[in-house]
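Hi everyone, thanks for coming.

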Amino acid sequence: MKKFLLFFVSLLLIASCAKKEGEQPKKADSGKSTGIALVKLNEIGMTKDDIEKELQGMPEAVREAFLQDSSQFMRFLEDMANKEALYHEAVKKGIDKDSALQKKLEYYKKITIIQMLLEKELSQKVKVSDSEIKEYYKKNMGELASPEEIRLSHIMTKSEAAIKKAQERIKNGEDFAKVAKELSEDKQSAAQGGDIGSFESGKMPPEFNNAVKTLKKGDMSQPVKTEFGYHIIKVTDRKKGKNVDINNIKEDIRRVLLQEKQKEILDKYLQDIKKMYKVEINKAEVDKYLASKGIKDSGKDKAKDGAAPAPEKK
């Protein structure tokens, strides 16, 4: 059953590679290296070119999974052959002529044409230079840096009186770890002298964040109340965040800047397109359609030219 499900999952993942209506796979051609069949389905051969097209049409993660090793690749070939067999069986039964399929193909054709238009008008015209990447890196260096790491120890008690007693002993010179082992009611950390490990700055419980944000290494907080009880917290180490090497995130920054530029150009492009095509909405018919679907009127479209919707009559 698991193998059966995996097969159909793979079919869904590589559905974007399905052949066009009526297109037949190439037959084996022993005279050319690119025409030699790696897989045969009856007399129909699937060549290296067919396999390359199939692989290139997949999402990158799926493609890499199939190319991990020979066993994964053999599973890919088996899935490809199964898909071709199902495709030809469907054509034989006339499913490729089904009206529902034609509607779906028309829809995906429209979407594909729009994508190609946007690629032509946007993607191919938008470039991000190295100087822009460097400027973005400098402006956002703080956000791009790895966060500060803080190592903490704490003593926890259920009562305020007990935590004040622990605080007093430490102020009088006793070792924090020794007092934690003797008095802390968090037995797991008490065994480690109160150590609770390292945390990224700002990613601790809010009471801890507030208590330690101004403390230096070796400092101890005043008693802090949480849902678990009362605590005194000691900062045993602070490691400043490190700046990320620009070369390690260069392409990530490029993608961010590309998206920003593309959105800006797309917004302008859509405004220009709207000037060429007049859009009219038949509100009465829209209301009828919404009512037939049981969709409630939000009231937002009642306000025009900045005016508030009229109050409902009681």
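Let me begin with a question: does Gly35 count as buried or exposed? Gly35 counts as buried, because its relative accessibility is 10%. Here buried means under 20% relative accessible area, exposed means over 50%, and partly exposed lies in between, using a 1.4 Å probe and protein chains only.

A word on where this comes from. This is a predicted model, where local features need pLDDT of at least 70 and side-chain atom pairs count only at pLDDT 80 or more, while totals for chains, interfaces and linings use all residues. Residues are numbered from 1 along each chain as its sequence is written, and side-chain values use heavy atoms, with hydrogens and water left out.

Back to Gly35, which sits in the loop between helix 1 (2-13) and strand 1. Helices (H or I, at least four residues) and strands (E, at least two) are DSSP runs, numbered from the N terminus.

Strand 1 (residues 37-41) and strand 2 (residues 44-47) pair antiparallel over four bridges; strands pair if DSSP finds at least two bridges between them. Leu41 has Ile44 in strand 2 as its bridge partner. Two residues lie between the strands of this hairpin, and Asn42 takes a positive phi near 55 degrees. In a regular strand, side chains alternate between the two faces of the sheet. In strand 2, Ile44 and Met46 point one way, Gly45 and Thr47 point the other way, and all are buried.

Now for two helices. Glu54 belongs to helix 2 (residues 48-56), and Glu54 is buried, at 4% relative accessible area. Its side chain makes a polar contact of 2.4 Å with the side chain of Lys83. A polar contact is a pair of N or O atoms within 3.5 Å; within protein, one must be able to donate a hydrogen and the other to accept it, and residues adjacent in sequence count only if both atoms are side-chain atoms.

How far apart are the end C-alpha atoms of helix 5 (residues 99-123)? They are 35 Å apart, which agrees with the 36 Å that its 25 residues should span at 1.5 Å a residue. That expected span is 1.5 Å times one less than the number of residues. At the start of helix 5, a side-chain oxygen of Asp98 comes within 2.8 Å of the backbone nitrogen of Ala100.

Let's move to strand 3 (residues 149-157). Why is strand 3 described as largely enclosed by the rest of the structure? Because seven of its nine residues are buried. Strand 3 runs antiparallel to strand 4, joined by five bridges, and Ile150 stands opposite Phe199 in strand 4. Strand 3 also pairs with strand 6 in the antiparallel sense, over nine bridges, with Tyr230 in strand 6 as the bridge partner of Thr157. Thr236 is in strand 6 (residues 229-239) and counts as partly exposed, at 29% relative accessibility. The C-alpha atoms of Thr236 and Leu152 are 5.5 Å from each other, although the two residues are 84 residues apart along the chain.

That's my tour, so over to you for questions!
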